[in-house]
Amino acid sequence: MATQDPRVGYGLPTILAVALHVVVVLFSVISLPSREPEPTSSSIVQATLVSTETVTDQAQRAEAARSRALAREAEEQRQAEEAAREAEEAAAAVEAARQAEQEAETQAQEEARRAAEAAEADAARRAEEAERQAQQREEQRVQQEEAERQRQAEAEAERQRQAEAEAERQRQAEAEAERQRQAEAEAERQRQAEAEAERQRQAEAEAERQAEAEAERQRQAEAEAERQRQAEAEAERQRQAEAERQRQAEEEARRQREAEEQRRREQEAQRQREAEEAARRAAEAASQGLDRAIDGESDAVANARQGQEAANSFINLVRRAVEQAWVIPPNVPGGATAEVAVRLGPSGELFGASITRSSGDSAFDRSAIQAVEAAAPFAELRQLPANLQRDYRQFNLRFTPGDVR
């Protein structure tokens, strides 16, 4: 009868649990880190602004990006080292479990050996007891039972041989089972070692790929920063060129305005000179006419029989002299009228001429004042009777186009 194997099968579940723990830890460590979402940028533009960003700010941002990349790489390196350390701890746990299993197997083998020896000793004891009984029966039945004893001895020997053969077969079967189990365990350990080596290689390859991807992202970021810097430099050059063109355009516009202003001043001066020339000619004509009028009126005044007639002659003389000196400006609105208050000195010199009622046209009002100033002085005032000179030193003149009253 085969003895029962006293070993308890805790080795394989322990190995499976440890391997599952290692797989979970490695998966959590080497899983790709989630990439932070890039901020969007709003391709939407509200106003064209001068970028206050300088090249120094861009360098600082690039340096900050490199610092973040280095920190992220250091964190990934630390996680990889932590995973390697946990893998080593798991491997040590697996090795400890394997050693514990080997010790349990050795103990079980020792117990099986002792059980086999006990069974052999028991079988030997039973054989000796049977032989002793057979000898006693042989003594009692010397001849009658000799043949029976011989048969029983042979049968007992056969049973002993069979028991020994069964024990040998059992031992060989257990040894074969042990060799098979050890071969399977060795194959399992080999497979796990190869799987662990493959996972380690994949982890290293993944870490290298991530490092290369991070380096590529860094290169792309630096290239993008360089492109951005060049674009901003180009924009700055264009802005400066545009500012220069704007400045040149403003300078050209200023020169044109100055030239136009110069032409306008020259034209105004030309018109002023023409007006003065016309006024001079009119004054000369008025002076000549005034002289002729004075000649005629002087005779009238000298020969006037009454003082009032002399006064009327003086007023007519002043009116005609001012009318001849008046240069009416162009484009005078219809119905325009201006009144000028005139003050004379004792000898007929002009003390003052001022507008008492404006026509609403400054050029028209100014021409009226200029006409009075051009016609003065009025020396005929001294020819009036002494009692009338004071009364005619102040009077008003009303100017209307085509007439002077």
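Contact here means heavy atoms within 4.5 Å. With that in hand, take Phe314: leaving aside residues up to four places away in sequence, Phe314 touches Leu344, Phe378, Glu380, Leu381, Leu384 and Tyr392. Keep in mind that this is a predicted model.

The protein averages a pLDDT of 78, and 76% of the residues score at least 70. Among its elements, strand E2 (residues 350-357) has the highest mean pLDDT, at 94, while strand E4 (residues 403-404) has the lowest, at 46. Then there is the stretch over residues 31-55, where the pLDDT is below 50. Beyond near neighbours in sequence, that stretch has 10 contacts in the model. Where pLDDT is low, the predicted coordinates should not be read in detail.

**The nonpolar core**

Back to Phe314. The largest nonpolar core holds 27 residues, and Phe314, Val322, Phe378 and Phe399 are the ones that touch the most other members. H4, E1, H5 and E3 are the elements that give two or more residues to this core. H4 supplies the largest share, with 7 residues. As a general point, nonpolar side chains in soluble globular proteins tend to be buried together.

Searching the whole structure turns up 2 aromatic pairs. Trp326 and Phe364 make an edge-to-face pair, with 5.6 Å centre to centre and 80° between the planes. Trp326 sits in the loop between helix H4 (307-325) and strand E1 (338-344), and Phe364 in helix H5 (residues 362-375), so this pair ties together parts that are 38 residues apart in sequence. Both Trp326 and Phe364 are buried.

Trp326 also pairs with Phe399, again edge-to-face, at 5.2 Å centre to centre and 80° between the planes. Phe399 belongs to strand E3 (residues 394-400) and Trp326 to the loop between H4 and E1, so the pair ties together parts that are 73 residues apart in sequence. Trp326 has a relative accessible area of 8%, so it falls under the 20% cut-off and counts as buried. Phe399 is buried too, with a relative accessible area of 0%.

**The E1-E2 hairpin**

Strands E1 and E2 run antiparallel and are joined by 6 bridges. Val340 stands opposite Ile355 in E2. Between the two strands of this hairpin there are 5 residues, and Gly348 takes a positive phi near 90°. E2 is also the element with the highest mean pLDDT.

**Charged pairs along the helices**

Side chains of opposite charge can pair when their charged atoms come close. In this model the count comes to 43 salt bridges. Here are some of them, with the distance from N to O:

| Salt bridge | N to O distance | Helix |
|---|---|---|
| Glu82 and Arg85 | 2.1 Å | H2 (residues 55-140) |
| Glu166 and Arg169 | 2.4 Å | H3 (residues 146-303) |
| Glu206 and Arg209 | 2.5 Å | H3 |

What separates Glu82 and Arg85 along helix H2? Being 3 residues apart, they are separated by about one helical turn. Glu166 and Arg169 are likewise 3 residues apart, in helix H3, which again comes to about one helical turn. Glu206 and Arg209, also in H3, are 3 residues apart and separated by about one helical turn.

Conventions
Residues numbered from 1 in each chain as written. Heavy atoms only, no water. Phe/Tyr/Trp six-rings, centres within 6.5 Å; stacked < 30°, edge-to-face > 60°. Helix = DSSP H or I, 4+ residues; strand = E, 2+ residues; numbered from the N terminus. Buried < 20%, exposed > 50% of the residue type's maximum accessible area, 1.4 Å probe, protein only. pLDDT = per-residue confidence, 0-100. Pairing = 2+ DSSP bridges. Salt bridge = Lys/Arg side-chain N within 4 Å of Asp/Glu carboxyl O. Core = buried A, V, L, I, M, F, W, Y, C linked by side-chain atoms within 4.5 Å.
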